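Hi,

Here is the structure I promised to pass on.

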Amino acid sequence: MLGLGTLRRVTRELRQDVAAARERDPAARTLGGSDILLTYGGVHALLTHRVAHGLYEAGLPLVPHVLSGAARVVTGVEIHPAARIGESLFIDHGTGVVIGETAEIGDNVTLYQGVTLGGTGFHRGKRHPTVESDVVVGSGAKLLGPIRVGRASKVGANSVVIHDVPANSTVVGNPGHPVRIDGRRTDPDADWAHLPDPVADAIKALAARVAELEGLLAEATGRRLEPRAEVRPMRRARGPSPAGG
Ligand SMILES: CC(C)(COP(=O)(O)OP(=O)(O)OC[C@H]1O[C@@H](n2cnc3c(N)ncnc32)[C@H](O)[C@@H]1OP(=O)(O)O)[C@@H](O)C(=O)NCCC(=O)NCCS
């Protein structure tokens, strides 16, 4: 039930959340706890969630959802009251963060703006990610489905992660794939930057076929059509990636 114990827990968690902001945001180093408490949207969203989650666990209807909705309007961060969040989460900048109902977050996790811990469909049950302790999720990253992001991993900005992530690894891209595990580059044969371009290949095959038919037509009628522009794959099949990856 809701009582003094819950209040004490929420207060302790809030103090840790403020300390996390001071430690992990270089711009916050000169700010006091009350400055952070007053001005950090991510901290406001977390504070509201800590209260809403306590009320949700106590079985109170509606109010936790109203609190979560109000926090979304004010901070742009939407956290379902049922989501389980460990100690010292830091949501930097905040806006656009969505944390789904069955998401679980360990301790000392950092989320930047625009991160989604979402589901992939309409089924019920566990459908959101589990993010283990000490993970950093870059801005705009989407973590989808009941996947597990291993301890101390990093998810690159704008990655779309739909598979489990090993501990101590760096995952980037869409689909997200590990580029570092335990500080070492992953298998160089896994050349994710130069994937084949099946749409361009199909169009190229069609263009070749049309050219062949035009040739036959020209032979039959003696009329030759002007050649059109050559079809090229949008991405180079070899050489350095323009994204630098
Ligand atoms: C992924 C990240 C955490 C760096 O982790 P790291 O373990 O130090 O990884 P590295 O910098 O060594 O990069 C590993 C590889 O991934 C590539 N990479 C890094 N971040 C990437 C990203 N977001 N998308 C695609 N590729 C990325 C690097 O170019 C490098 O490629 P290489 O192996 O071919 O050289 C960092 O790049 C990142 O995205 N941080 C998020 C920061 C953020 O959101 N800031 C918002 C502040 S408002």
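On one side of α1, L4, G5, R8, T11 and R12 are exposed (exposed means 12 or fewer other C-beta atoms within 10 Å of a residue's own, buried 20 or more, partly exposed in between, with C-beta atoms placed from the backbone). Before going on: this is a predicted model, where local features need pLDDT of at least 70 and side-chain atom pairs count only at pLDDT 80 or more, while totals for chains, interfaces and linings use all residues. Residues are numbered from 1 along each chain as its sequence is written.

The buried residues of α1 are E13, D17, V18, A20 and A21. They sit on the same side of α1, because their arc around the axis is only 155° (taken from the directions from the helix axis to the C-beta atoms). Their cover includes α2 (33-39), α3 (41-57) and β3 (90-91); helices here are DSSP runs of H or I, at least four residues, and strands are runs of E, at least two, numbered from the N terminus.

G41 belongs to helix α3. It counts as partly exposed because it has 19 C-beta neighbours inside 10 Å. Leaving out residues up to four places away in sequence, G41 touches T75, G76, V77, G94 and T95 (contact means C-beta atoms, placed from the backbone, within 7 Å).

As for the ligand, 17 residues surround it, and the closest are G138, S139, G156, T170 and V172 (a residue counts if its C-beta atom, placed from the backbone, lies within 6 Å). The elements giving two or more residues to this shell are β14 (169-172) and β15 (177-181).

Cheers

Conventions. Contact = placed C-beta atoms within 7 Å.
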